[in-house]
Amino acid sequence: MPVDPAPALAAPADVDRTPAPHVGLAILALAMGGFTIGTTEFVTMGLLPQVADGVGVSIPTAGHTISAYALGVVIGAPVLAYFGATWPRRALLLWLMAAYALFNLLSAAAPSYEVLALARFLDGLPHGIYFGVASLVAASLVPPERTGRAVASVMLGLSIANVIGVPAATWLGQAFGWRAAYVVAAALAAITVVLVRAFVPARPGDPEATGRRELSAFGRPQVWLTLAAGAVGFGGMFAVYSYIAPTVTDLGGLGEGAVPVFLLAFGLGMVAGTWAGGELAGWSVFGSLFLGAIGTGVVMVLFYLAAPHGWWALPVVFAITTLGSVLVVNLQLRLMDVAGEARTLGAAMNHASLNAANALGAWSGGLVIAAGHGYRSTALVGLGFSVLGVAVLLWSALWQRSSDARQRTAQA
């Protein structure tokens, strides 16, 4: 198992670590933002037929609103990091959540498909930078050795949303109309604003930061390799997740009532993996990435074997998202380290990478299904992505060791 080419647990030395009076409540407030984002990101999937009827389009066309949100995440992370690097951290978080509330209300009030698609795109813009800045703030609230746990706690909000927030908002949308789900998401964002203002201590931005310095992260090979590891290594989970409903019913022979149980297993796996990722980070961030990537490949093979056998696939589904979430936490920590001085952009780009993985996994899974290979073939797509993820991580480790060797030679 490769050792960490570079430590990625401690926040930078110049981070303000002035003790916060309520560290637990501050991290809970930051995690509430993750819960809000997770709820609103995934609730559209559960209400897609109702959304399509509501704006008068087909279900596939309504599905483009999901893609619009993902596009907003990918674009918003670097753009907002470019302009927001010098902002005080708490103020930036407050404005991001306020914008999230506003754009969810716009989604709820959208009179047409075009307005809804625009609203979902705008709602995706704050996603990546919120998690990036919240992770930096959480890291500043705790001793260096607890950075992994603090960042994982922020991510845990998104995971818990898939267990509680998404099912609850989906039920409300089905009972009171799909627009109610976005109103609830807006209310959650408003609650986050109140909690962050009350419990998160003020943290200054970086007065020396510039947009050009933030963009310098894209000149670092390790940043690109980490983003690539996230996009391909996590893409396999989305290849399976995107088509889990027909896999369970058409291939596994179970009734439609089994689908929510499998979705619950996905959500519980995210919670378990996010917690485990924070614990493993204290051992080795890079080692945890390898374990997650290799383990994901193994469980993809197991899913391919278990998928036709109904309930036997349930624990495998749990394992897929557990290992995937270990990757998410440690990819975040890795990016916070390898971005160097471009900390805001580096921390924000993780979720841009993961949304690229979402699109890549769903698209690739659809290709193999359309080619006639059946729903279980999505697991083989996931296996392929896992192998690519391991290869990228090995490349990253070799590159770092080569760079370290050149540096030692230059200093000799």
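**Close-up views of a predicted helical model**

View 1. Val392 has its place in helix H17, which covers residues 377-411; helices here are DSSP runs of H or I with at least four residues, strands are runs of E with at least two, and both are numbered from the N terminus. The model is a predicted one, in which local features need pLDDT of at least 70, side-chain atom pairs count only at pLDDT 80 or more, and totals for chains, interfaces and linings use all residues. Residues are numbered from 1 along each chain as its sequence is written, and side-chain values use heavy atoms, with hydrogens and water left out. Because its relative accessibility is 14%, Val392 counts as buried (buried means under 20% relative accessible area, exposed over 50%, and partly exposed in between, with a 1.4 Å probe and protein chains only). Leaving aside residues up to four places away in sequence, Val392 touches Leu225, Ala228, Ala229 and Val232, where a contact means heavy atoms within 4.5 Å. The C-alpha atom of Val392 is separated by 8.9 Å from that of Gly233, although the two residues are 159 residues apart along the chain.

View 2. Thr321 is placed in helix H15, residues 314-338, and with 0% relative accessibility it counts as buried. A polar atom of the Thr321 side chain lies 3.0 Å from the backbone oxygen of Phe266, and the side chain of Thr321 also reaches the backbone oxygen of Phe318 at 3.3 Å. Apart from residues up to four places away in sequence, the residues that Thr321 touches are Met237, Ala265, Phe266, Gly269 and Met270.

**View 3. The salt bridge of Arg120 and Asp123.** A search of the whole structure finds 2 salt bridges, each being a side-chain nitrogen of Lys or Arg within 4 Å of a carboxyl oxygen of Asp or Glu. In one of them, Arg120 pairs with Asp123, and the closest N and O atoms are 3.0 Å apart. Both residues lie in helix H6 (residues 113-140), 3 residues apart, which is about one turn of the helix, and both Arg120 and Asp123 are buried.

**View 4. The salt bridge of Glu279 and Arg149.** Glu279 forms a salt bridge with Arg149, with 3.2 Å between the closest N and O atoms. Since Glu279 lies in helix H13 (residues 259-281) and Arg149 in helix H7 (residues 147-176), the pair ties together parts that are 130 residues apart in sequence. Glu279, at 32% relative accessibility, counts as partly exposed, and Arg149, at 46%, counts as partly exposed too.

Note on methods. Polar contact = N/O pair within 3.5 Å; in protein donor to acceptor, adjacent residues only side chain to side chain.
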